Amino acid sequence: MSSIDAANDPVLTASETAKSVREIPRNRTGSALKKADNRAAYMFLLPWFAGIILITALPMLVSLYLSFTNYAVIGLPSFVGFDNYVRLFTSDRRFITSIWVTLKYVGFSVPLVLLFSLTIAVALNRGLRGLAIYRSLFYVPSLIGASVGIGLLWKEVFGERGVVNDILALFGVAGRGWINNPTFALPSVIALNVWTFGASMVIFLAALRQIPESYYEAASIDGANAWQRFRRITLPLITPVIFFNTVLLLINSFQSFTQAFVVSNGRGGPVDSTLLYSLYLYQQAFQQLQMGYASAMAWILLIAIGLATALMFWSSRYWVFYGDR
Amino acid sequence: MQEFRLKKRVAGSLLATSILALSMAVLPNGAAAQDSDLQGEIRFSWWGGQVRNDKTDRIIQLFEGQHPNVSIVRENADWAPYWERLTIQSTGNNQPCAITMQTRWLATYARPDILMPLDELVENGTLDVSGIPEPVLNSARGADGNLYMIPHGVFYFALMYNEQMAQTAADAGVAPLEYPYTWDEFAEYLTAILPHLPEGAASVHNMGREQDAFVTWVQSHGEDVFDGSNVAFSKDIAVQWFEYWEALRTAGVTEPPEVMISDNSALIEESNIANNRGFMTNRPPNQLGSVQTTVDTVSPGTTIGITPYPVGPDGTVGMDIGANGIAIGASCDEAQIPVAAEWINFWTQNEEAAGIYESDNGVVSIPALATAQAEDPDTQPTQVQHIELYQQIIDTANPVFWPAGGYQALTDTLNRAYDAVAFGQLTPEQGADQLIADLQQQLSQAAR
């Protein structure tokens, strides 16, 4: 009980309060109390510490070590120095391909998801009746989009005899096996990812609802049209949320795996057109059993994501408006 | 009279001896004594679908019935996850005692710290390999010469075709394809049959990306696929392979590349051959029974036949054969080894077990059992075809020694190279260069 609580407590009189304070042992000084509090805090944090050390830090350190070894899963690792890293950049054609495929995927996915989610959020923010229902409907794909089941469904939808081709046939357009064609396979996977825009949309919607209505009223009185209100009021005020969503989407997109794995049967095909970085890493680790090589790839991915995130934070000073600066 | 009694006694003795000998022959090794002392629990792993799971379960029940103190823990998985799981188990020294193994994957696991060398168990009679042909047994040896599995089934790849479409074409005057036929004769037949197929149907599944067809092509032209952990086939032979399928594709004899890819991974019920969209495809003949069952539902009245791959210009047969068998995990406890060995003996030697399995994962490796199955009126006709074709090609087949990671590497690299050629991204020459370079890189990586 704090002193304020004690003073307000009708049961304790002032003299009793003073007595209770005097009864604190002499040796229990302020620093001793602080130490006891710290111990309690550490005890509560212990499970988290155990988790981060055993499940995150230790495997990461092992992975860092393995990245400097030739480790074929079966057998013991042998130290090879920077050989894995050198081979990745000098003699692995597919590694370079996987980087290009991933950059294309991230480059199209992230802006498209942002665009879709913001557009739908703005539309839903117009005081529609049944907003909760629409919000839930748009959010559902985010919950299931990364699942194997949806990947399989997508495969059927965009397959040779899928729904997309059935619809095109109604308009007399001859369809094709979208996910079996190297030109269209990656766009199909990107489309699947864009379809899962719901999570970003909900965050945008929350941000839009925080903007005071009076700003729009004032702008309207001054003659601003809808686009100008959006451009001059909405967009600047939600830049912190755009930044947040962009960073999250960027990190997730760099690590995308399930959708490409399912639609290509784990091959990244046709002709490596859906060979995302994480998929190639998986192939090296679990199909070709090159765990040392795959660990080196994992560390390169970590560094790449770190750099991309750092770049976003650096750029944010030029375009993110926090209002208090 | 006395002479008659003597004769009768001798005849009686002979009859008793014959019955005893016959019963010894029919009963599995060791089972004659009904080894009631055998006890313990082992884990047994295999790959396959529901039909194989059911058959395996029945065999396990039969074995456990004969050995009441033995328990077999079932561990099954689909093909690809099976190997991934075994790898992880091997890393943790937690592999099952009895492991279904295949010669194509053996080199990856054939090490004494993963699989137990079995020569000693064979020499001291614990493992019974009687009746298994020597070449089949030797195919189960690792690069170090040790025997690592006991083969129970020999598998091969062949072509499946629609018998009604073949008959329609024959009625229209197209000369039937009689084995042995060369690759050129094969292409001529497929081109000739095309006008007689239902509208939109292709004569043959595009096999440019199929490794079992490619292996047959290479070997039938007198070249090897691998030399240890190196690529052994020439660029020319790969170029010719790509050109062969590109010629058929551009002539409309085989399907477009998008369809090729989707048919490659399609379930049999969705496949072109099951839906009368294709005349011929390549599928393992041990699946003939399940393919026919599916076709009976999807396209009633259609029957599927099997035929070997074409031969080379000089008649050389290039078909690869491999063996499936059971290995013992190196982590298997010493007390469990007798159980694992008895289980292997039962699986490979017991006629009833072989009858239940019906050569589901390769033709049963003991020729006498294979013949018995083929002659058994209860055996499904599709399995009889499977066994008879095996008996036709076994003497001329050319088994490949697959290096560590070789099967996966050839499958992946051939898929990519031919896909790039078929989609017009690479010329056949460039495709061959890419195939050889990528394959060599993966083989070298696996051999490091």
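**View 1. The loop between helix H7 and helix H8 of chain B.** B:Pro180 is located in the loop that runs between helix H7 (163-171) and H8 of chain B; helices (H or I, at least four residues) and strands (E, at least two) are DSSP runs numbered from the N terminus. The peptide bond between B:Tyr179 and B:Pro180 is cis, with omega about 0°. The model is predicted, so that local features need pLDDT of at least 70 and side-chain atom pairs count only at pLDDT 80 or more, whereas totals for chains, interfaces and linings use all residues. Residues are numbered from 1 along each chain as its sequence is written, chains are lettered from A and ligands numbered from 1 in the order in which they are written, and side-chain values use heavy atoms, with hydrogens and water left out.

**View 2. The four-stranded sheet of chain B.** In chain B, four strands form an open sheet in the order E6-E9-E5-E10, and their pairing is mixed; two strands pair if DSSP finds at least two bridges between them. Strand E6 (202-204) and strand E10 (304-307) of chain B are the edges, each having a single partner strand, so one side of each has no neighbour in the sheet. On average, and with direction ignored, neighbouring strands of this sheet are turned by 30° against each other. Axes are lines fitted to C-alpha atoms, for helices over the stretch in contact, and angles run from 0 to 180 degrees between N-to-C directions. Strand E5 (residues 158-162) of chain B runs antiparallel to E10(B), and four bridges join the two. B:Leu159 has B:Thr307 in E10(B) as its bridge partner. Helix H8 (residues 183-193) of chain B lies across E5, E6 and strand E9 (278-283) of chain B, at about 145° to E9(B).

**View 3. The six-stranded sheet of chain B.** This open sheet of chain B contains six strands in the order E2-E1-E3-E11-E4-E12, with mixed pairing. Strand E2 (70-77) and strand E12 (363-364) of chain B are its edge strands, and each pairs on one side only. Two bridges pair strand E4 (residues 150-156) of chain B with E12(B) in the antiparallel sense; B:Val154 has B:Val363 in E12(B) as its bridge partner. H3(B) packs on the sheet and touches strand E1 (40-47), E2 and strand E3 (98-102) of chain B, its direction making about 125° with that of E3(B). Helix H16 (residues 381-393) of chain B also packs on the sheet, where it touches E4, strand E11 (321-328) and E12 of chain B, and its direction makes about 90° with that of E4(B).

**View 4. The interface of chain B and chain A.** The contact (heavy atoms within 4.5 Å) takes 33 residues from chain B and 33 residues from chain A. About 2700 Å² is buried between the two chains, and carbon and sulfur atoms give 45% of this area; buried area is the accessible area (1.4 Å probe) that two parts lose on being put together, summed over both. B:Glu258, B:Gln445 and B:Arg448 supply 25% of the area that chain B buries against chain A, more than any other three residues. Seven residue pairs are in polar contact across the interface, both residues being at pLDDT 80 or more. A polar contact is a pair of N or O atoms within 3.5 Å; within protein, one must be able to donate a hydrogen and the other to accept it, and residues adjacent in sequence count only if both atoms are side-chain atoms. Helices of chain B that each supply at least two residues of the side touching chain A include helix H3 (79-91), helix H11 (257-264) and helix H18 (428-447). H17(B) gives the most to that side, with seven residues.

**View 5. The salt bridge between A:Arg267 and B:Asp412.** A:Arg267 and B:Asp412 form a salt bridge in which the closest N and O atoms are 3.5 Å apart; the term denotes a side-chain nitrogen of Lys or Arg within 4 Å of a carboxyl oxygen of Asp or Glu. A:Arg267 lies in the loop between helix H14 (258-263) and helix H15 (277-287) of chain A and B:Asp412 in helix H17 of chain B, so the pair joins two chains. A:Pro270 is placed in the loop between H14 and H15 of chain A, and the peptide bond from A:Gly269 to A:Pro270 is cis, with omega near -5°.
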